[in-house]
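Please consider the model shown below together with its sequence. The paragraphs that follow it lead through selected parts of the fold.

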Amino acid sequence: PESLGLVSGMIFLVHSLFALFVYRGDQQHLMALFSALFSITIMLFLGFADDVLDIPWRYKLILPSLATLPLLLAYPLTGGITEIVVPIQLTPWLGRVIDIGLLYYVYMGMLAVFCTNAINIYAGINGLEVGQSVIMGICVLVHNLIQIANEGAVAHHLFAFTLMAPFVTTSMGLLVHNWCPANVFVGDTYTMWAGMTFAVAAI
């Protein structure tokens, strides 16, 4: 069956709702969590619509940017910054940090396009889309654990961890059935959901 990434995505969303207990009483992180889950849900269903309706590629480039709108609108309200760290080689001319303002929002929208298409590029090879997502997800989890242990921006890394942990576990369950020879096919439902989950964790 095609587009069984929908099942894994729905289990992810139900599991992610338990993160509400982690952030109860913290309005800022609750708003970030709701906007993140809303963006991921939009992309999950857009991926399913693509599997069913076969949406043309010209629209697939725009849809991830539109799906990030809830996240982008909540970003300044949740304490998001629009500064970037300048590479060491350019610090004598530009300084250590630059505030790029609205360009940062353009960057975040383009990040969503990149992430969804980076997963989708391997579509058609059994187990590769889900396998690469599991490996990248585990790397993100390890990175977040290291940062939490070193007490570096604990709240942000805990937030990314609470999104990536259910993603990795549901993807591992899906990988068992998607491994070559595949019993199920994940379709664009999975690739768009996975890409948006990575983009949201990064933002």
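The structure is a predicted model, in which local features need pLDDT of at least 70 and side-chain atom pairs count only at pLDDT 80 or more, while totals for chains, interfaces and linings use all residues. Residues are numbered from 1 along each chain as its sequence is written, and side-chain values use heavy atoms, with hydrogens and water left out.

The largest nonpolar core comprises 41 residues. Such a core is a set of buried Ala, Val, Leu, Ile, Met, Phe, Trp, Tyr and Cys residues joined through side-chain atoms within 4.5 Å; buried means under 20% relative accessible area, exposed over 50%, and partly exposed in between, for a 1.4 Å probe and protein chains only. At least two residues of this core come from each of α1 (5-16), α3 (27-53), α8 (102-120), α9 (128-149), α10 (154-178) and α11 (187-202). The greatest contribution is that of α11, with nine residues. Helices (H or I, at least four residues) and strands (E, at least two) are DSSP runs numbered from the N terminus. The residues with the most contacts inside the core are F12, I40, L163, F167, Y190 and M196. Of these, L163 touches F12, L33, A36, L37, I40, T197, V200 and A201, leaving out residues up to four places away in sequence; contact means heavy atoms within 4.5 Å.

Aromatic rings form a further theme. A pair of aromatic rings is described by the distance of the centres and the angle of the planes. Rings of Phe, Tyr and Trp (its six-membered ring) pair if their centres lie within 6.5 Å, and planes under 30 degrees apart count as stacked, over 60 as edge-to-face and the rest as tilted. Nine aromatic pairs are found in the whole structure. F167 and Y190 are stacked because their ring centres lie 6.3 Å apart and their planes meet at 20°. This pair links distant parts of the chain, F167 in helix α10 and Y190 in helix α11, 23 residues apart. F167 is buried, at 0% relative accessible area, and Y190 is likewise buried, at 0%. Ring pairs join F12, F167, Y190, W193 and F198 into a cluster.

Two polar residues remain. S35 lies in helix α3 and counts as buried because its relative accessibility is 8%. A polar atom of the S35 side chain lies 3.0 Å from the backbone oxygen of A32. T78, in the loop between α6 (69-74) and β1 (83-85), counts as buried at 16% relative accessibility. Neighbours within four places in sequence aside, T78 is in contact with Q28, M31 and A32.

Conventions: A polar contact is a pair of N or O atoms within 3.5 Å; within protein, one must be able to donate a hydrogen and the other to accept it, and residues adjacent in sequence count only if both atoms are side-chain atoms.
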